[in-house]
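Please look over the sequence and the model shown here, and then read the briefing that follows, which is grouped by topic.

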Amino acid sequence: MEQSQKYPTIDWTKNEYYQVQRALEILQQVVERESKRHEMTQHLTPSMLSMLEDEIIPMLSNELDCDGGPSDDEICGEPPMTADEMHTAAWRQHQELRS
């Protein structure tokens with residue numbers, strides 16, 4: 001008989017990205033535990049296990065994978081201007097138009 005499993009707690013002080021990463025880790029642990037069980041004693045249905053292994057976990061992993069893809073600078077170009085930079089540029093333009 002399996003020993004009781006302590007369920008993970010949620011740290012609500014962390015951001016949502018962290019929560020999704022943690023959910024992925026939990027799903028991976030579920031699949032690992034479930035694959036060790038005999039087919040007749042598994043808790044999940046075969047279709048649920050297959051969906052986790054073939055669809056949900058790979059999709060979440062792909063979304064969370066930051067290393068392989070282009071950086072934010074490559075995707076977006078220059079970082080956006082701050083509010084202070086926008087106001088300074090607008091003030092300069094205003095001053096130039098008034099002169």
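**Briefing on the helix pair**

Helix α1 (residues 16-36) and helix α2 (residues 46-64) have axes that come within 10 Å and cross at roughly 150°; axes are lines fitted to C-alpha atoms, for helices over the stretch in contact, and angles run from 0 to 180 degrees between N-to-C directions. That angle makes α1 roughly antiparallel to α2, a label given to angles over 145 degrees, while those under 35 count as roughly parallel, 65 to 115 as roughly perpendicular and the rest as oblique. This is a predicted model, in which local features need pLDDT of at least 70 and side-chain atom pairs count only at pLDDT 80 or more, whereas totals for chains, interfaces and linings use all residues. Residues are numbered from 1 along each chain as its sequence is written, and side-chain values use heavy atoms, with hydrogens and water left out.

**How the helices meet**

- The crossing of α1 and α2 is left-handed, meaning that the near helix is turned anticlockwise from the far one by less than a right angle.
- On the α1 side, Tyr17, Val20, Gln21, Leu24, Leu27, Gln28, Val31 and Glu34 meet Leu49, Leu52, Glu53, Ile56, Ile57, Leu60, Ser61 and Leu64 of α2, where contact means heavy atoms within 4.5 Å.
- Sorted by class, this contact of α1 with α2 has 11 nonpolar, three polar and two charged residues.

**The nonpolar core**

- Leu24, Val31, Leu49, Leu52, Ile57 and Leu64 form the largest nonpolar core, which has six residues; such a core joins buried Ala, Val, Leu, Ile, Met, Phe, Trp, Tyr and Cys residues through side-chain atoms within 4.5 Å.
- Both α1 and α2 supply at least two residues of this core, and α2 gives the most, with four residues.
- Leu52 is in contact with Leu27, Val31, Leu44, Ile57 and Pro58, once its neighbours within four places in sequence are left aside.

**Individual residues of α1**

- Tyr17 lies in α1 and is partly exposed, with a relative accessible area of 38%, given that buried means under 20%, exposed over 50% and partly exposed in between (1.4 Å probe, protein chains only).
- The C-alpha atoms of Tyr17 and Leu64 are separated by 8.4 Å, although these residues are 47 residues apart along the chain.
- Gln19, also placed in α1, counts as buried at 15% relative accessibility, and Gln19 touches Ile10, Asp11, Trp12 and Lys14 when residues up to four places away in sequence are not counted.
- Arg33 has its place in α1 and counts as partly exposed at 29% relative accessibility.

Definitions and conventions
Ala, Val, Leu, Ile, Met, Phe, Trp, Tyr, Cys and Pro count as nonpolar, Asp, Glu, Lys and Arg as charged, and the others, Gly among them, as polar.
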